[in-house]
Amino acid sequence: MVDVNLKGVGVALITPFKNDESVDFTALGRLIDYQIQNGIDYLVVLGTTAETPTLTEEEKKSIQSFVIERVKGCVPIVLGVGGNCTRTIVEKLKSDDFTGVDAILSVVPYYNKPSQEGIYQHYKAVAAATELPVILYNVPGRTGVNMSAETTLRLANEVGNIVAVKEASGNITQMNDIIKKKPAHFDVISGDDGIAFPLITLGAVGVISVIGNAFPKEFSRMVRLALNGDYNSALTIHHAFNELFELLFVDGNPAGVKSMLSMMGYIENNLRLPLVPTRITTFEKIRSVLNDLRIKC
């Protein structure tokens, strides 16, 4: 099994679309270069923020190949491979080409609302289908079911290539319980930008970030300061982003960060239905905060 360093900031890469809703590979390349040049630690490709449920299988493969070619090994690549049909995921992991991919991020099965035993058996089967490191992704606000600390720890202790969890339950007590009881080889990663700082102070190793799409340099600096124990300096940056953390998700993800990136000139502000761009009121609030941040950061 190949080790992957998940410490720091992993950016959950968006998928830029042209006005005709085709994938804008020129903008995607520009955005990837921006991430790498500004010091992010790894890229997360084809996750929730990438609007993956609206992409065709052909588009997903094209994006995967494009990112791997553009990155050229400069940073690790974590690929989203998840769903609510265990058999489909297992078959994909066994049959697809994962050359250039350093780890898999797999979400708790959604809609089905499996029991904790079902979640455990699902991930056990997924991990057995690949030699790549597997990152669990717990986001009950999207999946409809919470993976308990007990289930996470059971997987961490029993399955060798399950190496981390992206925790977005919003339950600090649950996250702290995992951090306190986890085995040494297993990492806890914040799944929410807004709690990255406090979670790092508890022992998390970093964050898989949405806001990093727009502010890779500043957000990476905050995370590194926190990881190095300079909490006062990190807290100053965290507070500077507070209002933006909320605005990014008012109209859903990735509508907020796409509106921001469009203001910055990196992409066109296009999403695929059922997702739509932010409301004008949100857009203007983001613009105002963005102007302030450009001065502060």
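The model holds one cavity of 30 Å³ or more. On a 1 Å grid over the protein atoms alone, a cavity is a set of points where a 1.4 Å probe fits but cannot get out, whereas a pocket is an open set with protein on both sides within 12 Å along at least five of seven lines; lining residues have an atom within 4 Å of a point. Grid points are joined across faces, edges and corners, and a volume is the space filled by probe spheres set on the points.

This is a predicted model, in which local features need pLDDT of at least 70 and side-chain atom pairs count only at pLDDT 80 or more, while totals for chains, interfaces and linings use all residues. Residues are numbered from 1 along each chain as its sequence is written, and side-chain values use heavy atoms, with hydrogens and water left out.

The largest cavity has a volume of about 40 Å³. Its lining consists of Leu13, Ile14, Thr15, Leu28, Val45, Leu46, Ala50 and Ile63. Seven of these lining residues are nonpolar, one is polar and none is charged (Ala, Val, Leu, Ile, Met, Phe, Trp, Tyr, Cys and Pro count as nonpolar, Asp, Glu, Lys and Arg as charged, and the others, Gly among them, as polar).

| Pocket | Volume | Lining by class |
|---|---|---|
| Largest | about 880 Å³ | 14 nonpolar, 13 polar, six charged residues |

Of the 33 residues lining the largest pocket, Thr52, Pro53, Gly82, Gly83 and Tyr110 are the closest to its centre. Helix 2 (57–71), strand 3, helix 3, strand 4 (103–107) and helix 5 (140–143) each supply at least two lining residues, and helix 2 gives the most, with four. Helices (H or I, at least four residues) and strands (E, at least two) are DSSP runs, numbered from the N terminus.

The second largest pocket is lined by 21 residues, of which Tyr137, Val139, Arg142, Gly191 and Asp192 are the closest to its centre. Helix 5 and strand 8 (206–209) each supply at least two residues of this lining; the largest share, three residues, comes from helix 5.

Strand 3 (residues 77–80) directs Ile77 and Leu79 one way and Val78 and Gly80 the other way, and all are buried. Buried means under 20% relative accessible area, exposed over 50%, and partly exposed in between (1.4 Å probe, protein chains only). Strand 3 pairs with strand 2 (residues 42–45) in the parallel sense over three bridges, pairing being assigned if DSSP finds at least two bridges between two strands. Val45 stands opposite Leu79, and Val45 also lines the largest cavity.

Thr86 lies in helix 3 (residues 86–95) and counts as partly exposed because its relative accessibility is 27%. Leaving aside neighbours within four places in sequence, Thr86 is in contact (heavy atoms within 4.5 Å) with His122 and Ala125.

A nonpolar core is a set of buried Ala, Val, Leu, Ile, Met, Phe, Trp, Tyr and Cys residues joined through side-chain atoms within 4.5 Å. The largest such core has 64 residues, and those with the most contacts inside it are Leu43, Val67, Phe215, Phe219, Phe241, Leu244 and Met260. Helix 10 (residues 231–250) contributes the largest share of this core, seven residues. Not counting residues up to four places away in sequence, Leu244 touches Ile211, Phe215, Met260, Ile286, Val289 and Leu293. A second, separate core of 23 residues includes Met147, Leu153, Val159 and Ile178.
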